[in-house]
Every structure is written in structure tokens, then in C-alpha cells.
Amino acid sequence: MSESPPLIELEYLMESVSMRLRFATLLVSLSGFVSLLSGECCVADDRPAKPNVVLLLTDDLGWQDVGCYDLDEPCPYETPNMDALATKGVMFWQGYSPTPVCASSRCAIMSGVHAARSQKTSVRGGTPPIPLNKSSRMIAPWQRYGLPPEGLTLPKVLQQHGYVTGHSGKWHMSKGGERADANRQPFGFDYTRCDRGSRNRMPDRLSGFATDAVDDPYRLDENGYPYHQTNEDALTFLKQSKNKPFFLYYATWLVHSPIHTRSEAHLQKYVKRLGTDPANPPKRDSAGQLNPFYASMVQELDYYIGQVFDYLDETEDPRWPGHKLSENTYVIFTSDNGGMEGGPSERYTDNNPLDRGKISAKEGGTRVPLIVTGPGIPAGVQTEVMANGLDFYPTILSMAGIEQPSDKQLDGCDLMPLLLGEPTDPSLVKEKDGSVRDTLVWHFPVGVAMESTIRVGDYKLIRNYDHVANPSTPELELFRLYETVDGIPQRADWEEARNLADAMPEKTQELANKLSDILADMNTTYPYYNPVCRDPLPHQENVPSVVSATRTGDTVTFTYKENGANVVRADLIYTTNGGDQDEEWLRALATVTSPNTVTADLPAGTTHYFINLIDENHFLVSYPAAVGENDKFSTAGLNKNLKSVPAVNSVRKSAKFLELDVNADGEVSIDEYTAPFVLSFQRKDKDQDGVLSADEHTHPSFQRADQDSSGSLSREEFLGIHRGHFERADLNADGRITPSELSDSQK
């Protein structure tokens with residue numbers, strides 16, 4: 001199953017999507033009819049009571065990156081194993097991720113708790129709320145870094161009921177989680193591996209490809225694919241655990257950046273197919289799926305997970321002699337968010353017809369491939385029923401025959417009545433109160449987007465938080481994604497191109513009120529306005545100011561002056577490990593004890609703290625000031641018994657990190673690190689001749705950078721200086737810079 005079949009290039013590119021889908025549907029219908037006649041669809045009496053579960057979570061794989069989801073124009077990527085999986089189970093056309101970015105989606109899936117309720121809405125977290133810079137109009141609210149280790153995660157519940165649990169691949173759900181296996185085991189995994197495998201960054205993606213040499217760590221296999229440790233770890237777990245009921249969480253690093261392939265043959269194949277020069281890949285604003293590196297990555301992802309499917313199909317089940325593991329294994333295949341369309345200067349893929357991609361709560365950022373197969377689930381069914389990654393926790397418990405913990409908050413729905421019943425019937429997906437679910441909500445109050453969205457039936461509403469004195473951004477947008485006729489949803493405005501808010505004010509307000517009620521019930525927090533924004537904002541002159549701060553024992557008291565706006569909330573932002581590489585800031589509600597006075601009790605072990613005041617106009621004032629003159633952080637006002645400087649400095653470095661981490665994955669790649677200098681080169685090159693003269697680059701580094709002594713700097717020479725800075729900052733030489741590495745390099 002895992003090897004891609006030979007394909008004639010011209011036929012592949014010209015193949016009709018509709019013909020392929022009709023042909024696949026015909027094959028599936030025939031196979032389903034034969035299964036019914038033979039009784040294969042029935043659950044065998046001797047089947048082991050506890051089925052296996054594989055949750056295969058890809059990284060940044062877009063809805064239009066998989067062949068069976070092709071729409072409008074054929075996808076040039078080859079995904080035979082993903083396509084074949086869709087013929088074996090239920091394929092959701094309206095499958096969604098819990099959030100539009102990776103870390104928060106992973107936390108939501110493993111905890112079963114909505115991002116808005118858990119206060120984990122994005123990649124970043126565990127820092128005081130700060131503006132990205134003085135030009136930022138808004139400040140994202142505080143959020144957690146990741147999962148609290150004491151929480152009842154999905155694998156913990158499965159462990160309690162006799163399952164052996166395994167994880168291979170990306171983690172990104174706790175401080176230090178990628179560095180040591182021991183940091184992940186408290187979350188419920190018996191086996192956990194976090195090796196990047198062939199996704200370790202290549203020094204040069206145009207050379208140094210994998211070979212068939214025995215000593216090559218990425219040695220090509222018999223089918224020409226590089227050795228990938230991440231996949232080997234997943235297979236190792238399956239081999240070690242097949243004699244017990246198992247749960248495998250396989251979190252692929254593919255197809256996340258770095259955008260490269262170690263297979264020269266795959267690269268050249270897609271260079272030919274797409275007509276793209278690999279030395280000059282498509283720019284960020286180029287439309288279409290034209291990146292040969294990304295195309296190779298998608299094909300390799302398909303191959304590796306195909307090996308997992310092959311193992312399940314070909315290996316006899318020790319608990320069920322005479323049967324294969326796949327006959328008693330549920331597989332959930334999906335992505336952590338919509339496709340990442342591009343980096344700072346390069347286009348990766350294209351989610352068209354969906355608007356935008358990762359880091360946006362629009363359809364391109366949240367709609368993902370979702371396929372579910374397993375015992376009792378009918379084959380070859382395509383459904384328009386809405387589903388969400390939050391549904392996996394209750395659904396997997398149902399697959400395993402485990403009752404939901406009575407004291408555990410779960411924000412998703414059990415999909416098994418749908419999957420085992422009629423997968424096209426939306427009335428089978430029900431809330432806890434028995435009502436039919438017709439609503440999904442996303443809360444993404446961070447980054448550039450700063451929005452919340454709600455889907456109710458055919459309609460979707462977007463609430464933009466940065467709308468005050470911002471005429472280019474409406475507060476509310478309403479789109480009709482579908483037009484349901486006789487219970488069948490028909491495609492309408494998937495592109496989210498026609499804002500109906502003015503034409504349908506009552507519908508707009510109805511959905512806006514429902515969104516507000518749901519978020520209020522989750523006790524979520526919202527973005528704040530930045531009081532030191534350089535551009536004037538209404539009521540900016542009325543923000544409160546802290547007058548004094550005192551500490552008695554573990555109680556801190558702040559007095560403040562209201563300058564025309566009432567303080568409506570006060571938060572203590574504190575850390576118990578200030579200055580540590582895994583420093584994490586938490587939040588506790590402070591108390592307004594009397595007019596102009598706030599008190600808070602410091603939690604045990606507090607090493608550093610801030611107070612945040614939020615006024616009635618949604619401005620946030622931090623004391624000590626998070627940003628002072630020249631964007632430097634101030635330590636004024638911190639209690640002298642606390643060592644304030646390391647913690648405050650680490651926040652300052654985090655602000656720099658936030659600016660560089662364009663794709664919001666919690667790490668800075670070399671492309672992200674050098675992107676500002678690419679723009680700097682273009683600005684300096686006044687005569688647009690592609691090189692910098694000494695007059696254009698009047699800096700002492702000119703002679704050092706001019707390696708060929710030509711008297712001018714090429715772009716590569718200019719960027720070479722800054723690549724050297726990147727390499728020095730990359731302390732563990734893994735091709736990525738973490739916040740702590742960036743902080744250490746700038747001391």
C-alpha cells in the first residue's frame with residue numbers, strides 16, 4: 001500500500017477530479033455490497049472487547065493537500081494511501097481542527113477541553129500579556145503554555161482501563177516537552193519518542209540529499225524514500241504493543257516547515273511536474289500549489305503513514321488469531337490545523353477555494369482532512385456532518401467501551417452513534433443534554449487575526465476584536481457557507497467572500513449573541529488595547545496608572561489612579577521559576593478591595609510577578625510596565641525581595657521572538673530569522689542591481705561580508721552574516737531557535 005504507483009505526468013495533471021471521485025465511489029459501493037452479502041460488516045462474537053486506536057495527527061496538512069479532497073482544480077500531490085483510507089471508512093467534508101494553530105489544537109484534543117475554556121488558544125503562552133511592539137494596537141490575553149500535568153488527559157483514561165499508550169513525533173504541549181521523554185510521561189504515555197527524523201533541517205536544501213550508502217543516517221530505502229526515525233518509532237510501538245489493546249498517538253512532523261526533502265528524485269519529479277525552479281520557489285504572494293519541496297513532503301508523508309497502514313493490514317492480531325490487527329483497530333486521520341500557505345518569503349501550498357490558512361480562524365485555517373475507519377464503520381461513505389478535533393476524546397472513549405469520567409469537562413461530542421449508524425445523518429451527533437449539535441465555536445484572540453468565529457448550520461459569523469477606530473476591519477462579518485435544500489447542504493460561499501452582515505442584520509446579531517453567550521459560559525478572556533500604542537486610540541488618555549506597590553508577607557497591595565476609566569478587572573501574573581529555561585508565567589485573579597486599591601495573595605514559591613489592570617474600554621495596564629522607552633522592559637516597582645531582572649529580561653526576549661516567529665509554531669527557522677534582512681537588502685539596494693555597494697551598506701561588516709572581495713555584496717553575502725548569527729544562537733544545532741536560545745544569544 002505504501003509505495004506510490006507509477007503515473008504518467010500528463011495524464012495525472014489533466015485527470016478530472018469528478019471522474020476520480022465517481023470511480024472511487026463505484027468501487028466502494030461494489031465492495032460494500034459484497035461485504036454485506038458475505039457478512040463481513042458484522043461484528044464477530046470473538047472479537048477482543050478492547051479495540052486498538054490509532055490517532056494520526058498530521059502537522060499543517062491542508063484540506064486541499066489530499067487527493068481525495070480535490071476541488072475545482074486537481075491537486076498535483078500524490079496521496080494514494082490517504083485516498084485509499086477514505087474508501088475504507090467515513091470521509092468528513094466538514095471536518096475541523098479545534099484551533100487554527102498546532103499547540104492549542106493538540107492540547108484541546110488531548111484534554112477534550114475547548115481552547116477558550118482552558119485559556120490555551122494559540123502556540124505561545126506562559127508569558128505576561130505584552131504588545132508585540134509599540135505599534136501594536138492590541139495585546140493578546142494571557143494564556144497557558146500547555147497542558148497542566150495533573151489534568152485527566154485522554155491517554156491517562158485509556159491507561160486506567162488497560163490500554164498501553166504510545167506517542168511518536170511532535171509534542172508541543174508542555175514546557176520542555178520536546179527535550180526529554182520523562183517530561184511527557186506524566187501526561188499518560190507509556191512509550192514516547194520525539195525524534196524529528198528526516199525532518200531535521202538540511203544545511204542546504206539544494207544539496208546533501210540522502211543516498212543509499214550504508215553509513216547515511218537518512219539512507220534511502222528500496223523505494224527511494226529517506227529513513228525517517230519518527231515513523232520507525234511509531235512502528236516500533238506497534239510491534240512492541242500488538243499483544244495488548246493499544247492507543248497510538250502518531251503526531252507527524254510532516255508537512256510542517258522546514259520545507260525540504262532529502263530525496264533528490266522526489267524534488268526533481270515535482271520540479272518537472274510543476275515547472276518550478278527549486279532555487280527560486282514561488283513567492284509568498286504566488287497562487288497555486290507550485291512548491292516542489294512541499295509537494296515532495298506531502299508524498300513522503302503519505303508513504304510513511306502507508307507503512308503504518310500496511311503493518312496493521314499485514315500483521316496477525318495476537319489477541320484474535322486468524323485476523324489482522326486492522327480488523328480490530330480504529331484509525332482517525334486528520335490535521336492539527338489548516339494548511340500553512342507560506343512563510344515570510346515563500347509560498348508552501350494553497351488552500352483555495354478556502355480563504356487564508358493556518359493562523360486564521362477562517363475556513364482555510366480550521367477546515368482539515370478527517371477520515372475515520374474501524375470495526376463496524378461502513379466503508380466508502382462521504383458525509384457533510386460537522387465534526388471537530390474536540391470530538392476525538394469522547395469518541396475514542398466510546399470506541400474503547402469506556403464511560404466518560406463524570407467529573408471531567410468534555411466540550412466535544414461522541415461521534416460513534418453517527419459512525420456506526422448513518423454517517424450522513426447530522427441528528428446523530430448530540431450534545432450532553434440530548435440536543436442535536438449544529439454549532440461550533442473558535443476563539444483565536446492572538447496574532448494578527450484576533451477573532452472569534454461561530455458556525456451555526458449554514459452560516460458562519462466572524463467577530464474581529466481590533467475594530468475600534470479601524471475602518472478597514474468590521475466588527476462582525478457574516479457568511480453563508482452552504483445552502484441546505486431538503487436536508488442536503490449545497491456549496492455556497494466557502495470562499496467567505498460575500499459579507500452578509502449589512503444585508504442580514506437580524507441573523508448577524510443572533511449569531512453574535514450566541515457567540516457571546518458561549519464564550520461567557522467558558523469564562524474566556526479577550527484581547528486588550530495597548531495604552532502605549534503610537535497611533536492614537538479612543539480613550540487612550542483615560543487609562544489608569546499604578547501609584548504604589550507594597551508587600552506584606554505573601555500579600556501584595558497596589559494603589560492606582562483612575563484617569564477617567566473604571567478598572568473592571570485586575571490580574572496577578574506570576575511565575576515560580578523566573579529565569580529558568582522553562583520559565584512559565586501563570587495568572588491569578590486579584591481583588592479590588594476598595595476604590596483605587598488592588599490586593600493579591602502570592603502563590604507559594606512565587607519568584608516574580610506583575611499586576612495587570614483592565615479598564616472599561618478594554619485597555620490593559622501592566623505594572624511594572626511591560627514596555628518602556630525604546631521598547632525596553634522596566635523593573636521599577638517590583639518588590640526588592642524578588643530577583644526581578646532575569647524574569648523581566650526573558651519577557652523582553654519573548655517579544656523579539658514573537659516578531660520573528662511568523663508562522664506561530666513556537667520556534668524560529670532560519671527563513672524566519674533572515675526574513676527581516678531580506679527586506680533590509682531590498683531597501684538598501686537603491687539602484688536595484690542585485691548587489692550592495694559600500695555606499696549602500698555603510699556598515700563595518702561590509703569588508704567581512706564581502707567574501708569574494710568584489711567591492712559589493714550579493715544578497716547571499718549580506719545574509720551570510722545573519723545566518724552566522726542564527727547558527728550561533730541555535731545552541732543545539734537542530735535548525736530551529738527556541739525562545740530560551742534566542743534569549744541566551746542576545747545576553
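In helix H15, the buried positions (under 20% relative accessible area, with exposed over 50% and partly exposed in between, for a 1.4 Å probe and protein chains only) are Ile670, Glu672, Tyr673, Thr674, Ala675, Val678, Ser680 and Phe681. The model is a predicted one, so to speak of local features takes a pLDDT of at least 70 and side-chain atom pairs count only at pLDDT 80 or more, while totals for chains, interfaces and linings use all residues. Residues are numbered from 1 along each chain as its sequence is written, and side-chain values use heavy atoms, with hydrogens and water left out.

H15 itself runs over residues 670-684, and its 15 residues reach 21 Å from first C-alpha to last, close to the expected 21 Å (1.5 Å times one less than the number of residues). There's a kink of about 30° in H15, centred on Pro676; the bend is the angle between axes fitted to the seven residues ending at a residue and the seven starting there. Helices here are DSSP runs of H or I with at least four residues, strands are E runs of at least two, and both are numbered from the N terminus.

H15 packs against helix H17 (residues 715-729) at about 145°, with the axes 10 Å apart. Axes are lines fitted to C-alpha atoms, for helices over the stretch in contact, and angles run from 0 to 180 degrees between N-to-C directions. This crossing is right-handed, meaning that the near helix is turned clockwise from the far one by less than a right angle, anticlockwise being left-handed. On the H15 side, the contact (heavy atoms within 4.5 Å) includes Tyr673, Phe677 and Phe681, and on the H17 side it includes Phe718, Leu719 and Phe726.

Away from the helix pairs, Pro423 sits in the loop between helix H12 (416-420) and strand E10 (439-444). Pro423 is buried, at 2% relative accessible area. Leaving aside neighbours within four places in sequence, Pro423 touches Val90, Pro378, Val381, Thr383, Val385 and Leu418. Val90 is 333 residues away along the chain, yet its C-alpha is 7.2 Å from that of Pro423.

Across the whole chain there are 18 helices and 26 strands, and 56% of the 747 residues are buried.
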